[in-house]
Amino acid sequence: MIGGMSGPLSGSGSRKEKDVVTPHSISILLFIERYARLRPKYWDCRPPDANTVPPDITPQERKATCLMTVRLVQGGDMALSELLQVLESASLLPHHVTTFMTALHQMYCSGIDSVLNLFDSVEKFSAQDQIRAENFPCLWTSVVGLYVRRLNLSFRRLSFSQVTSLYQQFRDYYEECFATNSTQMQQHIDTDIQMAADESNIAEDTDSDTKMEDMMEESKDEDIGADITACSEEVLAINSSSAREPQPMLLLPHANQRDTDNVGHSNHSTRQQAELFISRQATLLQINETAALPPQKLQEKIRQLVQHNPDLAEAHYLSYLNCIRTKEFSGAVHSLLHAYDSQLMNRDSSRLEDQGRGFRYAALNVAALHAQFGHKKVGLAILKEAIRLAQECSDHACLQHALSWLYVLSPTQKSQLMRRSIIKSSELSLSYLSSLGRLNHAAQLAYTRASPSHLLQSISRAEALNCQNSLVSLQHCAWGLRAALWANWGISNMALLTSQILLHLNTHHPSNIGIFHSSHPSCNAICMIAIGLANLGDYQLAGEVLQHAQERFPPHGQFSSTWMFAQTHITLNDLLLQGCWTEAQSVITSMATCNPLEAKIRQCELLVAKGELTKVWELLGDLREDPELVGELRVRMLLIESCAAVMGGGCAVAIPVIVEALTNAREHHLTYLEAIAHLHTANIQLQLGRLSEAEASVRKGLGVVLAGGSVYDQARARLVAAKLQISRAVGQDRDKKLMKIALCLELAGKLFLKVKAYHKVRETLYLKARLYHEIGCTEERNKCALEFRQFELQHPCQSFQLSVNTF
């Protein structure tokens with residue numbers, strides 16, 4: 001979706017932009033000037049000054065300073081406190097930062113003369129002869145050199161009242177960071193250096209007055225229509241007040257609104273800075289949403305950019321991405337339409353080809369927008385319009401993007417559309433779409449009877465394209481899809497291992513220092529690990545992992561629903577095992593907002609646990625007619641239906657249901673659910689007296705569950721195996737076998753207790769008491785009876801829960 005938009009939103013760039021001098025740009029210029037005075041060039045062969053000792057600058061500090069300078073030059077305006085925080089966080093030379101802060105205070109105290117001296121040194125640098133270049137050694141064709149020269153030219157165009165207003169804004173800019181209290185300033189500035197600066201200000205007062213008189217005479221010769229007398233009074237007032245103790249300044253009455261607007265404000269950004277900011281934020285929203293600005297701050301920054309650059313279409317598109325991030329449909333549509341309105345108004349009317357390209361990509365983005373919010377019919381209609389426009393112009397790239405969204409929105413023939421997209425994208429060398437099509441095709445085949453080897457082979461081919469073309473985001477998706485497939489097949493160990501590999505991938509983005517890819521696959525991997533810990537009974541560790549997911553993917557983000565669903569899933573399992581029906585019902589209600597089909601299945605589990613069989617059969621009848629209930633969800637529904645049948649005493653009714661569940665699980669390669677279905681079958685066969693068939697069913701399911709199942713399923717499997725052993729324990733050594741089985745039930749009881757399945761703990765104690773009673777161990781029987789009574793008092797439950805019939 002973003003790739004399709006990147007073409008039309010290239011920007012005109014034909015308009016000449018006027019630079020604006022702001023207090024922040026003066027601070028950057030002062031930062032550069034103080035660094036140049038340190039003479040850090042290793043080729044500088046001039047002898048050092050006898051009065052000063054040059055600091056030793058390491059290559060790391062020199063590199064950090066150069067990168068910081070480029071970052072400040074290309075970035076937008078910021079408050080002085082934010083600037084100082086950025087400088088302190090970098091590994092700069094401490095002496096350089098100290099001298100910079102001292103120079104800021106000197107400029108705050110010295111008056112306008114210090115600003116003029118600063119730009120005089122810049123003007124000497126722009127002359128570029130050998131003698132003057134020594135005062136400001138910097139390559140004039142570099143990024144920093146061009147920035148300094150353009151800033152100097154903009155400053156020279158300012159009138160007297162504008163310079164006065166600029167210095168007043170600098171004082172306000174400084175006072176926002178530092179209080180007027182002198183004791184608070186002394187925390188940041190060295191006392192001796194400040195005293196030396198105050199002495200130098202006295203000697204430079206006459207030079208300042210002379211320069212201002214010369215500037216006044218030049219302005220008279222140039223017929224500037226400003227009130228020179230009023231401006232001179234303002235300048236003298238500022239210089240006289242700044243020579244004393246720093247105090248808050250009032251707004252000047254003679255600076256009119258026109259002059260103030262030309263000077264600029266602290267939040268001003270040039271067009272180049274705005275485009276760089278938009279590009280960085282758009283990239284961060286794609287690769288790592290947490291590293292981008294929060295939605296509210298980003299939207300406020302976008303408003304400021306649009307205010308200074310009304311025709312900046314990229315800003316509206318960034319607003320569209322921000323609205324998609326927070327799932328705000330109205331704002332997303334509004335921003336997207338504004339983006340293309342601004343784009344078309346800025347283009348030349350004679351360039352009809354570019355306008356047509358904008359129209360078809362606009363339709364493609366609107367279709368993608370509706371797809372994001374689940375409006376498939378509307379999105380499909382708009383997508384057909386984009387396909388028609390692309391076919392008229394033979395835009396094959398746009399057609400392939402449209403085809404990629406077509407198999408997402410189309411209700412039928414998804415596999416055929418995916419195969420066409422893969423083949424055509426390979427012919428056109430569209431590696432991203434080709435790899436994405438293979439991954440989507442593998443995900444689509446997971447709902448069919450395709451073999452796991454075929455799916456993994458398709459993912460491996462996609463990963464080959466990802467490695468060849470450095471598609472880091474799709475590498476994430478490939479490992480995330482592999483983890484999801486292993487979890488769907490029921491191989492939990494492989495699913496957790498794949499999730500760990502995904503989280504340990506080196507996904508560093510080359511254009512961003514310290515930024516790594518962190519998107520939906522990462523959130524899925526973290527949630528899968530949390531669910532795995534919860535299945536083992538480690539709820540505290542699972543909560544800590546989910547807390548990490550919450551910090552990494554904040555609630556306002558577009559991936560927050562993933563960890564919210566995982567948290568709901570874990571909480572609901574815990575409540576169902578403990579028998580907290582009211583709390584479980586509220587959790588299911590909240591789950592229905594994001595996943596209604598899963599909520600219906602969990603509602604069936606709750607009704608079965610409560611024994612409300614009539615409501616269960618009604619809800620199961622509705623689920624059977626749902627066309628979206630396929631694969632894993634359908635097998636789970638059938639297992640719940642068999643439990644309801646067994647609980648109602650209809651074991652014969654449960655047999656065809658459990659056979660259907662086994663068939664579906666085997667066809668879709670759901671290994672774990674197939675093992676669970678075998679254990680359900682063994683439990684039913686035990687009640688029907690089919691011991692041989694029950695033993696075969698237990699052998700098929702017990703190994704898989706004990707190898708990678710949850711603690712609760714392992715305990716249930718051991719309980720069923722114990723029941724089978726009790727039924728087959730015949731002969732003279734029956735008492736010894738029953739004693740051994742009773743001891744084995746100790747482990748099952750501990751596992752049930754670990755996950756707080758108290759009704760199953762009571763069931764285990766009841767079975768143990770019956771065994772001890774049969775073999776004549778009265779003391780152990782009474783002990784089990786006492787524990788049962790204590791559990792009954794601590795965790796009361798309804799009588800139907802104490803049933804040895806259900807699995």
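User: Where does His669 lie?

Analyst: In this predicted model, His669 is found in the loop between helix H34 (651-667) and helix H35 (671-687). His669 is partly exposed, with a relative accessible area of 26%.

User: What should I look for in the backbone of a residue such as His669?

Analyst: The general idea is that most residues other than glycine have a negative phi. His669 has a positive phi of about 60°, although it is not a glycine.

User: Where is Ser470 found, and is Ser470 buried or exposed?

Analyst: Ser470 is in the loop between H24 and H25, and it is exposed, because its relative accessible area of 56% is over the 50% cut-off.

User: How do I describe the way two helices pack?

Analyst: Two packed helices are described by the angle between their axes and the distance between the axes. Here H24 and helix H25 (residues 472-489) pack at an angle of about 165°, with their axes 9 Å apart. That makes H24 roughly antiparallel to H25, and H24 passes H25 in a left-handed crossing.

User: Which residues of H24 and H25 meet?

Analyst: On the H24 side they include Pro452, Leu455, Leu456 and Ile459, and on the H25 side they include Leu474, Ala478, Trp479, Leu485 and Trp489.

User: What does Ser458 touch, if residues up to four places away in sequence are not counted?

Analyst: Ser458, whose place is in helix H24 (residues 452-469), touches Arg438 and Ala442 when those sequence neighbours are left out. Ser458 is also buried, because its relative accessible area of 12% is under the 20% cut-off.

User: How many disulfides are there in this model?

Analyst: The test is whether a pair of cysteine sulfur atoms lies within 2.5 Å, and by this rule the count comes to zero disulfides. Take Cys398 as a case: the closest cysteine sulfur, in Cys393, is 9.0 Å from the sulfur of Cys398, which is too far for a bond.

User: Are Cys398 and Cys594 buried, partly exposed or exposed?

Analyst: Cys398 is buried, with a relative accessible area of 0%, whereas Cys594 is partly exposed, with a relative accessible area of 46%.

User: Where does Glu693 lie, and what separates the C-alpha atoms of Glu693 and Ala682?

Analyst: Glu693 lies in helix H36 (residues 691-708), and it is partly exposed, with a relative accessible area of 33%. Glu693 and Ala682 are eleven residues apart along the chain, and their C-alpha atoms are separated by 7.3 Å.

User: What does the secondary structure of the chain come to, and how much of the chain counts as buried?

Analyst: The secondary structure comes to 40 helices and zero strands, and of the 807 residues of the chain, 48% count as buried. Among the contacts in the chain with a separation of 6 or more, residues 24 or more positions apart account for 68%. The accessible surface of the chain comes to about 39,600 Å², and 54% of that surface belongs to carbon and sulfur atoms.

Note on methods: Residues are numbered from 1 along each chain as its sequence is written. This is a predicted model: local features need pLDDT of at least 70, side-chain atom pairs count only at pLDDT 80 or more; totals for chains, interfaces and linings use all residues. Side-chain values use heavy atoms; hydrogens and water are left out. Buried means under 20% relative accessible area, exposed over 50%, partly exposed in between (1.4 Å probe, protein chains only). Helices (H or I, at least four residues) and strands (E, at least two) are DSSP runs, numbered from the N terminus. Contact means heavy atoms within 4.5 Å. Accessible areas come from the Shrake-Rupley method with a 1.4 Å probe; for residues, only the protein chains shown count as cover. Axes are lines fitted to C-alpha atoms, for helices over the stretch in contact, and angles run from 0 to 180 degrees between N-to-C directions. Angles under 35 degrees count as roughly parallel, over 145 as roughly antiparallel, 65 to 115 as roughly perpendicular and the rest as oblique. A crossing is left-handed if the near helix is turned anticlockwise from the far one by less than a right angle, and right-handed if clockwise.
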